[in-house]
Amino acid sequence: MITEIETVSLCIVFFMMCFLGTGTDDKNLKNYPSYPDGVQNRIRNIAEYQGKFKENNTSATFISNFFLFLIVLLALGVPIRENSFGHNFICLSIIGQCLNLFDLLIIDLLWWRNSKRIRFTKIPEKELYKNPKKHIQAFGRAIIMFFLIALLDGYVLTLF
């Protein structure tokens, strides 16, 4: 029961962070790498947006997210911890992969692609934001990331 409560709570917090991190051009530019290539190309050609976004390295993003979620899932693992690596690994895998699936299905494919909050004032065409390619690629990378995190955190929780 605690795993389910933690998972739902984490998904709610994650959605709120995404929601609060959008809504203005300045906020949306911070999420520049999440936008489809067509939108990114248009952003690069708009003088007002120059210098307000960064093109992130996929490897650097993976590593920073890895360490962030390594700490978050370790903290969430403490209340559900048992002496069994298998139990710890499975619980942390469930939490991580449920968050990953929630991010893809609810945040990326339902909300993000249809929300006016993520659109730029200078690029209002809804159809430009519909390409799910980057979201699906991120989902694939996160499957690997959360598997590795569950392995490491599951092992650490078993030791203590």
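A residue counts as partly exposed when its relative accessible area lies between the limits for buried, under 20%, and exposed, over 50%. In this predicted model, Phe-147 has a relative accessible area of 42% and is therefore partly exposed. Ile-149, at 0%, is buried, because its value is under 20%.

| Residue | Relative accessible area | Class |
|---|---|---|
| Phe-147 | 42% | partly exposed |
| Ile-149 | 0% | buried |

Phe-147 lies in helix α6, and Ile-149 is found in this helix too, which covers residues 133-159. Beyond its neighbours within four places in sequence, Ile-149 is in contact with Phe-66, Phe-69, Leu-70, Leu-73 and Gly-154. One of these, Leu-73, is 76 residues from Ile-149 in sequence, while the C-alpha atoms of Ile-149 and Leu-73 are 7.8 Å apart in space.

Phe-147 belongs to a nonpolar surface patch of about 870 Å², which also includes Phe-85, Ile-143, Leu-151 and Phe-160. Helix α6 gives the most to the nonpolar patch, with 7 residues.

The C-alpha atoms fill a box of roughly 55 × 30 × 20 Å along the principal axes. Of the 160 residues, 36% are buried. Among contacts between residues at least 6 apart in sequence, 72% join residues at least 24 apart. The accessible surface comes to about 9,100 Å², and 68% of this surface belongs to carbon and sulfur atoms. The protein has 17 positive and 13 negative charges, whose mean positions are 7 Å apart.

Technical notes: Residues are numbered from 1 along each chain as its sequence is written. This is a predicted model: local features need pLDDT of at least 70, side-chain atom pairs count only at pLDDT 80 or more; totals for chains, interfaces and linings use all residues. Side-chain values use heavy atoms; hydrogens and water are left out. Helices (H or I, at least four residues) and strands (E, at least two) are DSSP runs, numbered from the N terminus. Buried means under 20% relative accessible area, exposed over 50%, partly exposed in between (1.4 Å probe, protein chains only). Contact means heavy atoms within 4.5 Å. Patches are made of residues with over 30% relative accessible area and no salt bridge: like charges are joined within 9 Å, nonpolar side chains (Val, Leu, Ile, Met, Phe, Trp, Tyr) within 5 Å. Accessible areas come from the Shrake-Rupley method with a 1.4 Å probe; for residues, only the protein chains shown count as cover. A salt bridge is a side-chain nitrogen of Lys or Arg within 4 Å of a carboxyl oxygen of Asp or Glu. Lys and Arg count as positive and Asp and Glu as negative; His and the chain ends are not counted. The place of a charge is taken as NZ of Lys, CZ of Arg, CG of Asp or CD of Glu.
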